[in-house]
Amino acid sequence: MDKPVLRQSLITSLLNCGEQVRLGKVVASRPDLIGHKSEALFYGTKFHRAVESYFQGRLYGYSVSHDDVLDGLRQSWHILEDGVPVRWQGSPESVLASAEKLVKRYLDWVDFQPQIIPLAIEKTIRIETEYAWLEGTLDMTTKDGILDWKTASTYESARDVADHSIQSWVYTLLESGGDIKLASEIPFVYHTAIKQTYQIYPFLKYARKEDLEILVNRMIPAAARLIREDGPYTPNPLFRFCSSNFCSVWDACRGGKIKL
Ligand code: SF4
């Protein structure tokens, strides 16, 4: 039997709320059910694209000014990459103004860090494990490890992601080619931009060997079995991740209120 392909987001969905995975399949076959993307997700994607364009310059050795990056952000602001409309909470123009300010703050911050030398941007890696293929796209690899861009509303929510996401485990494992010891030695840093305060925080992490072993020996096999056997997809009992910010099928579920 073919091994399933697992990405960090899929493993996380299976662990947090398997219903997201089941409904994701239903929604994929029913275009009429595709709802809205959250403003936070849209904002995060645009921030990511903007700062990525800046580092493309460092990677390929040409100069990208802050104005170039901000012009690109403005020009692309109304483009929906996947065609899914955004559920705006503010006006699109006021959210753009916030995004411009945050990108500018970030660029001012990284200008003082010329030691960040990109080796690759948006690098997709796939490795084979006993039960599944593991795949991920790394925002940026540098000579000092892996770098991932994040936006968050508050410092606390950024800290929460940095402390509890399995992303550093998955990405260091991918970068190491599946070698747990090597993965535990690869630095993984979040560059987190806070929307409420316009501050930038780096969160440096190392995946512990014990956690990488849990990922390889327990989480990947369990997730692979759920995918292979098509469930059972258990909804999260506390509805903790029920919001348009966290759940990709919020419009089709609304915390279990819609049954599809
Ligand atoms: S809205 Fe809540 S229960 Fe429904 S799929 Fe999303 S996280 Fe799960």
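Modeller: Happy to! Helix H2 gives the most to the shell around the ligand, with three residues. Before we go on, this is a predicted model: local features need pLDDT of at least 70, side-chain atom pairs count only at pLDDT 80 or more, and totals for chains, interfaces and linings use all residues. Residues are numbered from 1 along each chain as its sequence is written.

Biologist: Which residues come nearest to the ligand?

Modeller: Cys17, Glu19, Cys242, Cys247 and Cys253 come nearest, out of 15 residues around the ligand. A residue counts as near a molecule or strand when its C-beta atom, placed from the backbone, lies within 6 Å of it. Helix H2 (18-28) and helix H10 (250-253) are the elements that give two or more residues to that shell.

Biologist: What is the shell around the ligand like by class?

Modeller: There are ten nonpolar, four polar and one charged residues in the shell around the ligand. Here Ala, Val, Leu, Ile, Met, Phe, Trp, Tyr, Cys and Pro count as nonpolar, Asp, Glu, Lys and Arg as charged, and the others, Gly among them, as polar.

Biologist: Let's zoom out. How many helices and strands does the protein chain have?

Modeller: The protein chain has ten helices and eight strands. Its radius of gyration is 19 Å, close to the 18 Å that the globule rule gives for 260 residues, so the chain is as compact as a globular protein of that length. That radius is taken over C-alpha atoms, and the rule is 2.2 Å times the number of residues to the power 0.38. Along its principal axes, the C-alpha trace spans about 50 × 45 × 30 Å.

Biologist: What share of the 260 residues is buried?

Modeller: Buried residues make up 30% of the 260. A residue is buried if 20 or more other C-beta atoms lie within 10 Å of its own, exposed if 12 or fewer, and partly exposed in between, with C-beta atoms placed from the backbone.

Biologist: Is helix H7 mostly covered or mostly open?

Modeller: Mostly covered: nine of the ten residues of H7 (residues 167-176) are buried. Trp169, Tyr171 and Glu175 are among them. Gly177 follows H7 and has a positive phi, near 80 degrees.

Biologist: Back to helix packing. At roughly what angle do the axes of H1 and H9 cross?

Modeller: Helix H1 (residues 8-16) and helix H9 (residues 209-228) cross at roughly 80 degrees, and their axes come within 10 Å. That makes H1 roughly perpendicular to H9. Leu10, Ile11 and Leu14 of H1 make the contact with Met219, Ala223 and Leu226 of H9. The residues of that contact divide into six nonpolar, no polar and no charged.

Biologist: What cut-offs sit behind those words?

Modeller: The axes are lines fitted to C-alpha atoms, for helices over the stretch in contact, and angles run from 0 to 180 degrees between N-to-C directions. Angles under 35 degrees count as roughly parallel, over 145 as roughly antiparallel, 65 to 115 as roughly perpendicular and the rest as oblique. Two residues are in contact if their C-beta atoms, placed from the backbone, lie within 7 Å.

Biologist: New topic: where is Lys195 found?

Modeller: Lys195 is in the loop between strand S7 (188-194) and strand S8 (200-205). With 21 other C-beta atoms within 10 Å, Lys195 is buried. Leaving out residues up to four places away in sequence, Lys195 touches Ser98, Leu102, Thr151, Ala152 and Ser153.

Biologist: And Ser153, where does that lie?

Modeller: In the loop between strand S6 (145-152) and helix H6 (155-164). Ser153 counts as partly exposed, with 14 C-beta neighbours inside 10 Å. Not counting residues up to four places away in sequence, Ser153 touches Lys195 and Gln196.

Technical notes
Helix = DSSP H or I, 4+ residues; strand = E, 2+ residues; numbered from the N terminus.
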